[in-house]
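Here are my notes on the model below. Please read them with the coordinates open.

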Amino acid sequence: MAEPPPLLAVDNLRTYFNTEFGVARAVDGVSFSISAGKTLAVVGESGCGKTVTALSILQLVPMPPGRFESGEIRFQGKNILGLSPSELRKLRGGDIAMIFQEPATSLNPVFTIGFQVGEAILLHRPEVPRNKVRDEVLKALRSVHVSDPERRLDQYPHEMSGGMKQRIMIAMALACKPQLLIADEPTTAVDVTIQARILDLLRDIQAEHHMAILLITHDLGVVAELADDVVVMYAGKVIEQAPVHELFNNPRHPYTLGLFASLPRVDETKTRLETIEGSVPPATHFPEGCRFRERCKWAGPDCVKEPPLLQIGGGHAVACWYHETIASQRAVSSGAK
Amino acid sequence: MTTATPAAAKSAAVPPRPTPSADVLLKVTNLVKHFPVRGGIFRTVKDWVKAVDGVSFQIDASQTMGLVGESGCGKTTVGRSLLRLIPGATGEVLYNGVDLLGLSRAQLRPLREHLQIIFQDPYGSLNPRMTIAQIVGEPLSLHQGLRGKALRAEVSQLIETVGLKSHVLDRYPHEFSGGQRQRIGIARAVALKPSFIVCDEPTSALDVSIRAQIVNLLQDLQQSRGLSYLMISHDLGVVRHISQNVAVMYLGKIVEQAPTEDLYQNARHPYTAVLLSAIPVPNPNLRANARQRVRTQDTEDSVPSPIHVPSGCAFHPRCPLYAAKGKPEQCRASMPELLPLAGNPQHVVRCHFPDDSVFSVTK
């Protein structure tokens, strides 16, 4: 392909955990890539491995009990798995920044906002002289539209609302002009009006800095709002991958179909919600073959073999043996309606 | 505490169970609950949090009323106050004609059979030291005196009603997933065949696919048992799906209330419009910049505290309509009444300008 190499490429990543119940294969052969300036959303339910995937990129997975079984994570073409601690420290918060779900617990309660944002600048931007750090912090706070930034500098996290703390986290992440921002459920803990404003902010900042975003979420509404490409994960595997419009218009995997069908929508009404029966299996006891087959209403004899991620054109890939049958059956039944 | 036996108390105060045709099951009038804010060395009352400040609504038999709003608006306090789980609320809560707030604890106890609650957190609301049989059986043995085999049979039937297998009865809560635990909480709530259940964010802690299972279960139980629900949620999708009527709360007051479709398609209060348009729609063709968005006029990025409620209409500092209309004096000066729209008595709005659609003003 003529495209430039991606900013980040995750290749066949396996992150396992040793537990008292056996080996938990939390991330089991996940591959995807992100180009500069683009947003990739990783979607899935709790326990599907999306957060462990994000933590693996920055190597924040506690080891032991965690370990990398296989795989490569290439950032700007260079494998970053196995970098030395000092090289990693430069990367984290420098070229790759991360914001977490719970802004209240991610900020240190005993330091002021100014100190915490300034610390990131001192560590990662040695070209900024010490007496200019305060100005840089102010600039960072202004860029995320924090009101009255001079006063905020000397405040502590408990003096702020949840939405404001998430803004501070974003300011801290952006202070060092990262090329990749990993956002793990950035709006799950805040109210909808605040969520809308944070999504606006992320969109504006991305356009301004040409930054790539890896968005981890379970909310398909947030995905539709922000993503360019989507990876759907289930039980440690990527089961479907497509550009956002393609995925929403033409979902193919039974699990993705089930996720869409089970959404109560504000923009349309339904009499009864469709459900996916059962629940996600524990990571220590995934079924052999297709991991979704026990909950799948289309499961057939082939499903005891593990389905590969098949390319079906237009950048759309799906891991299901029967995706063609299912698509044609659905076309028939929707035509009959 | 009282020495009256459950049976004696029951014959004294229990109103007849509602027949399906009965109209109003629960009528709440001017419910008020203020919490004191204490401070200083003597813990004196410095201020009041007006969590619920004059809320009125009614719920008909076999109907669901949705109560929506953002965190801190007082919606949970409404649910708990009307079940008397939080003491000290004033106003009137008529359940089949009996004022729940005026009853003594002994008089209230037999009524607890009729009035139940499902909690948000399926992890915190089940006692980890009790088995499922004990958790679901406790209300049955306390209120109906069931014991032994009869109790066990009733419990296993309940467990199957909520979609679990009866062989799980002797397991403990930690052995279940979030969705299964919420099913156990629902089994406990319906064990005494209540007629009214407060559902306090029953699906917020659950994954998307599990959420649909629980919503369907609640609807099935409503149909088979003629239940009424007060559905407290910030998830406007779930509320639209399950409710016949919806009330929107802001800082302790209802700002708009209407039949569900009317509210979602014809929102008149600017806050309702802001809430509805803030929800991301799962359709990439309708991104925020493509669809009509109504934004708050926030300078400070926070909901004002319910201790220092702004003057006049509490929403005016954030209100897009207030800004668009050139900051009219009356929004700052007086709190608008909750009044019906002209020609639509079911749809009530607390706004000085209910006929100025926010969507057209801000376009």
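1. A residue counts as buried if 20 or more other C-beta atoms lie within 10 Å of its own. On that basis, 45% of the 363 residues of chain B are buried. Keep in mind that this is a predicted model.

2. Take the contacts in chain B between residues at least 6 apart in sequence: 66% of them link residues at least 24 apart.

3. Next, confidence in chain B. Its mean pLDDT is 85. A pLDDT of 70 or more is reached by 88% of the residues of chain B. Two stretches deserve a caveat. Residues 1-14 of chain B stay under 50 in pLDDT.

4. Now the interface. How many residues of chain A are in contact with chain B? The count is 40 residues of chain A, against 35 residues of chain B. On the chain A side, the elements giving two or more residues are helices H7 (162-174), H8 (192-209), H9 (220-226), H10 (244-249) and H11 (254-261) of chain A. H8(A) gives the most, with eight residues. By class, the side of chain A that touches chain B has 16 nonpolar, 14 polar and ten charged residues.

5. Finally, the scores for the complex. The predictor gives an ipTM of 0.78. The pTM is 0.83.

Methods
Residues are numbered from 1 along each chain as its sequence is written. Chains are lettered from A and ligands numbered from 1 in the order in which they are written. This is a predicted model: local features need pLDDT of at least 70, side-chain atom pairs count only at pLDDT 80 or more; totals for chains, interfaces and linings use all residues. A residue is buried if 20 or more other C-beta atoms lie within 10 Å of its own, exposed if 12 or fewer, and partly exposed in between; C-beta atoms are placed from the backbone. Two residues are in contact if their C-beta atoms, placed from the backbone, lie within 7 Å. Helices (H or I, at least four residues) and strands (E, at least two) are DSSP runs, numbered from the N terminus. Ala, Val, Leu, Ile, Met, Phe, Trp, Tyr, Cys and Pro count as nonpolar, Asp, Glu, Lys and Arg as charged, and the others, Gly among them, as polar. pLDDT is the predictor's confidence in each residue, from 0 to 100.
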